[in-house]
Amino acid sequence: MKIAVVGATGMVGTVMLKVLEERNLPITELIPVASEKSAGKKLSYNGKEYTVVTLQDAVNMKPDVALFSAGGETSLQWAPKFAEVGTTVIDNSSAWRMDPTKKLVVPEINGDVLTADDKIIANPNCSTIQLVMALAPLHDKYKMKRVVISTYQSVSGTGVKAVQQLDNEEAGVDGEMAYPHKIGRNALPHCDIFLENGYTKEEMKLVKEPKKILRDDSFSVTATAVRIPTAGGHSEAVNVQFENDFDLNEVRKILNETPGVVVQDDLANNVYPMPINAHDKDEVFVGRIRRDESQENTLNLWIVADNLRKGAATNTVQIAEYLVENNLV
């Protein structure tokens, strides 16, 4: 089982290697891959030292699986080259997500769509993954009609440069800016680029991706995505109108019984999900579960997850695990 990690020296790639160390994929050979300028660098994995290779070198080595986290342009150019030599690519960028010929997968929800013929598989957006983990079981039971999402997203979702900007601001150091404004003590309603309709690319991912993952476009979604000065972990305030009424205790029970979801909803003891507590964890945390008293059949939720783990690296590795367990690679 040869596994390549493309973008191994980047923020998500580093977490991918950590997740691979923790989990039990039967890896016989690890191939860390990065850009030409990073080729030749050394990195350690499971107590052994590895040399980073170029994309072309990795293609020539014909890995069984390639986990990609190197940006959309790299994925568009190189994922097909890996697929041509028989490698199954699991891509963490937005490059293939809405391609109708590619599967968009959260294994707990729609792993069953995967076949041995899927050579390029898309990993959803980090905000989408935690959203659908909580909403999928509720949709099955009550049928969603409309979803309104407001996100509170950490700077790590932008990348190393943004984390450095926040660190610089907190230290009082002038440095390179990842954002058009200061992020410390601020909130930027500006995640990714603005589109012609006035929404950002991040907001439109939240509109489109859940429908593809849930294989259902009967519900509507609208979103506002906001960047806040937290170092890691995305939070979402979610308002869901259902076709059918619900019981709050039953909602909590359904979420409690959903693999990968943890309910934290003890208001008397100030227990609710927070990004600081989700750090380095793979679960999706749900709390502030309450009825929207302004509209019938409508629920409010607060959903938090580590965007670098379940929102990116862990979900990618879980797809690989699903493929192995079901003899699809």
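User: How much space lies in the largest pocket?
Analyst: About 1,300 Å³. Keep in mind that this is a predicted model.

User: Which residues lie nearest its centre?
Analyst: Ser69, Gly71, Gly157, Thr158 and Gly159. The lining of the largest pocket has 49 residues in total.

User: Which helices supply at least two residues each to that lining?
Analyst: H1 (11-22), H3 (72-84), H7 (201-213) and H10. The largest share comes from H3, with four residues.

User: And how do the lining residues of the largest pocket divide into nonpolar, polar and charged?
Analyst: There are 18 nonpolar, 23 polar and eight charged residues.

User: OK, what volume does the second largest pocket have?
Analyst: About 160 Å³.

User: What lines the second largest pocket?
Analyst: Glu108, Ile109, Met133, Ala136, Pro137, His139, Asp140, Ile213, Leu214, Arg215, Thr258 and Pro259. By class, that lining has seven nonpolar, two polar and three charged residues.

User: Which helix gives the most there?
Analyst: H5, with five residues. Helix H4 (107-110) also supplies at least two.

User: Staying with H5, at what angle does it pack with H10?
Analyst: About 90°, with the axes 8 Å apart. H5 covers residues 126-142 and H10 covers 309-325. That makes H5 roughly perpendicular to H10.

User: Which residues meet there?
Analyst: From H5, Cys126, Ile129 and Met133. From H10, Lys310, Gly311 and Asn315. The contact divides into three nonpolar, two polar and one charged residue. Met133 also lines the second largest pocket.

User: Switching to the sheet. What is the strand order?
Analyst: S10-S9-S11-S14-S13-S12. The sheet is open, has six strands and is mixed in its pairing.

User: Which strands stand at the edges?
Analyst: S10 (220-227) and S12 (261-263). Each has a single partner strand, so one side of each is left without a neighbour in the sheet.

User: What does the twist average?
Analyst: It comes to 20° from one strand to the next.

User: Are S9 and S11 parallel or antiparallel, and over how many bridges?
Analyst: Antiparallel, over eight bridges. S9 spans residues 144-153, and S11 spans 234-242. One of the bridge pairs joins tyrosine 152 to serine 235 in S11.

User: Where does helix H8 pack?
Analyst: On the sheet. H8 (residues 248-256) touches S12, S13 (284-291) and S14 (298-305).

User: What angle does H8 make with S13?
Analyst: About 170° between their directions.

Conventions:
Residues are numbered from 1 along each chain as its sequence is written. This is a predicted model: local features need pLDDT of at least 70, side-chain atom pairs count only at pLDDT 80 or more; totals for chains, interfaces and linings use all residues. Side-chain values use heavy atoms; hydrogens and water are left out. Two strands pair if DSSP finds at least two bridges between them. Axes are lines fitted to C-alpha atoms, for helices over the stretch in contact, and angles run from 0 to 180 degrees between N-to-C directions. Contact means heavy atoms within 4.5 Å. Angles under 35 degrees count as roughly parallel, over 145 as roughly antiparallel, 65 to 115 as roughly perpendicular and the rest as oblique. Ala, Val, Leu, Ile, Met, Phe, Trp, Tyr, Cys and Pro count as nonpolar, Asp, Glu, Lys and Arg as charged, and the others, Gly among them, as polar. On a 1 Å grid over the protein atoms alone, a cavity is a set of points where a 1.4 Å probe fits but cannot get out, and a pocket is an open set with protein on both sides within 12 Å along at least five of seven lines; lining residues have an atom within 4 Å of a point. Grid points are joined across faces, edges and corners, and a volume is the space filled by probe spheres set on the points.
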